[in-house]
Amino acid sequence: MLDLVTAKGLNVAAIREDFPILQQMVNGKPLVYLDSTATSQKPESVIEALDEYYRKYNANIHRGVYSLAEEATAKYEAARKKVQKYINAKSYREIIFTRNATESINLVAYAWGRQNIRAGDEIVTTLLEHHANIVPWQILAQEKDAKLKFIGVDEQGRLLDDEIENRITERTKLVAVTMMSNVTGTITPIKRIIDRAHAVGALCLVDAAQSVPHMPVDVQALNCDFLVFSGHKMLGPFVGVLYGKRALLEAMPPFLGGGDMIREVHQEYSKWNELPYKFEAGTPAIGEAIALGVAVDYLTALGMENVLAHDQELSAYALDKLGALDGLRIVGPQQATERGGIVAFDVPGVHPHDVAQILDREGICVRAGHHCAMPLHEHYGLAATTRASFYVYTVPEEIDKLVDMLDKARRIFNP
Ligand code: 7TS
C-alpha cells in the first residue's frame, strides 16, 4: 500500500486508489466529482466496515446478551469514542449520534430551546447559514415570541466585525453560527464569536457540517456549547453527531421519547437514561456509526492540517483559473486562506442548471441552485449559483476540466 501522506502533504494519487467510485466512467468520461460539500465519496475501508456489520454481526445494541449483540454494542460505543477524540470532547457522554447535522440542530432547538427561550429573547445567526441553521430558530422564535437576528456579510462573504459586536447583546440567549459556509467557503472567526456570546451570557451552537470534515476542530479549545456535523460529508455514511457540554445536556429534557432513552417506564411516569442515551431514542444507525468511526480513522491518518492545506491549495488554484474567465463572478473571499475548498460562481448569461447539465455531459458533477442558503443568495442579488467543491481525492486536473468546459459553455450561450 502506498503512503497516503508524504512530507509534502496528501498523496492524492494514492488516496484516489482508495475510492472505488472514482475509478468509473460517467457518460463515457472519467468521473470528476466536484460536489463533496453536498456529500463526500467513501473510501474502501468505510464501505467494508458497513458491509462487514451487515454480513457478520448485524444485531441490535444495548439489549442482547449474545455475542453478536455484544460485538455490535462494543463497536458502536468504540465509534463514539473515536468521534470524541477526533473533536477532543471531554467525555464520550457528550457525543450523541443523530440522523444528520439538521437533526442535531433541531434537537437543540426543541430540547434546549423550548426550555430556555422566552418572549423578547434574541437568537443570533448569520447570513452565511445553511437553512438547517436558520429554520429551526425561526420556528422556535415564532413559537416563543422571540427575535431572530442576522449578522451580515461584506462583499467577499466575510462576517461583519461590527455586527458580531452589536447584534450579540445582553438580550441574546443563543448564537447559532457556521464555522465554514457551504456557499462562499468562508471560514468564520468562530472563537471570537463564541467568546462574544459568552461575554453577554449567551450560549453558542457551531454548525460544523463543513468544518469538521475539512479542518482541525477542538471543542474544548473553542469552548463552544453545542457543535453539529454530518458523517456523510466526512467520508462516512448517513449518520449525524451532536456534541454538547455535559452540564447542558444533563439539564435538557429529552427530544424524542421511546426505547433506549429511558431508565424506567411506569404507567404514570418515566425516568430518563443517562447521557448520551437520553438523546438516542429507538434503534440508531448502528452500522453507519461504526463506519463513521472508520472514516474518522482515515481522516486522522491523513491529518486534518494536511486536509485543510490541500483544500486551500485547490481553492487558490480554482480562484486563479476561474478568475481568468471573462465576466465570471466568484462569490466569497478572494484569499484562499480565508476559505475552504468550496467555490461558488455565477456565469453571466447562463443559468446555473444549464451550466451543471453541460458539465454533466463531460462527467463533471457540480451543484447548481441556492445550496440551501437563500438569504445569502438574496443578499447578493443572485437566484442561484454554480458550486464546485473539493476534498482529499480532488486533483488540479479536475479543476482544469471544469474551467475548460465553463469557457466552452460561456461561448455557446454568449456567441
Ligand atoms: N450546515 C451546513 C453548513 C451544510 O453545508 C449542510 C448541508 C447542513 C448544515 C445540513 O446537513 P445535513 O447532512 O443535515 O443535510 N449542505 C449541503 C449542501 O451544501 N448541499 O447539499 C447539502
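The following legends describe close-up views of a predicted model.

**View 1. The pairing of β18 with β19.** Strand β19, which comprises residues 385-389, runs antiparallel to β18 and is joined to β18 by three bridges. Within this pairing, Ala 368 is placed opposite Thr 386 of β19.

**View 2. The salt bridge between Asp 35 and Arg 387.** Asp 35 pairs with Arg 387 in a salt bridge whose closest N and O atoms are 3.3 Å apart. Distant parts of the chain are linked by this pair, since Asp 35 belongs to the loop between β5 (32-33) and α2 (44-56), whereas Arg 387 sits in strand β19, 352 residues apart. The count of salt bridges in the model comes to 27.

**View 3. The packing of helices α4 and α5.** Helix α4 (residues 101-116) packs with helix α5 (residues 135-144) at an angle of about 20°, the axes being 9 Å apart. Because angles under 35 degrees count as roughly parallel, α4 and α5 are described as roughly parallel to each other, and α4 passes α5 in a right-handed crossing. The residues of α4 that take part include Ile 105, Val 108, Ala 109 and Tyr 110, which meet a group in α5 that includes Pro 136, Trp 137, Ile 139 and Leu 140. Sorted by class, the contact of α4 with α5 comprises eight nonpolar, two polar and three charged residues.

**View 4. The crossing of helices α3 and α10.** The axes of helix α3 (residues 67-86) and helix α10 (residues 286-302) come within 8 Å and cross at roughly 40°; α3 and α10 are therefore oblique to each other. The crossing in which α3 passes α10 is left-handed. Among the residues making the contact are Ala 72, Tyr 76, Ala 79 and Val 83 of α3, together with Ala 289, Ile 290, Gly 293 and Asp 297 of α10. By class, the contact of α3 with α10 has 12 nonpolar, two polar and three charged residues.

How values were computed:
Residues numbered from 1 in each chain as written. Predicted model: local features only at pLDDT ≥ 70, side-chain atom pairs only at ≥ 80, totals over all residues. Heavy atoms only, no water. Pairing = 2+ DSSP bridges. Helix = DSSP H or I, 4+ residues; strand = E, 2+ residues; numbered from the N terminus. Axes fitted to C-alpha atoms, helices over the stretch in contact; angles between N-to-C directions. Parallel < 35°, antiparallel > 145°, perpendicular 65-115°, else oblique. Left-handed = near helix turned anticlockwise from the far one by under 90°. Contact = heavy atoms within 4.5 Å. Nonpolar A, V, L, I, M, F, W, Y, C, P; charged D, E, K, R; others polar. Salt bridge = Lys/Arg side-chain N within 4 Å of Asp/Glu carboxyl O.
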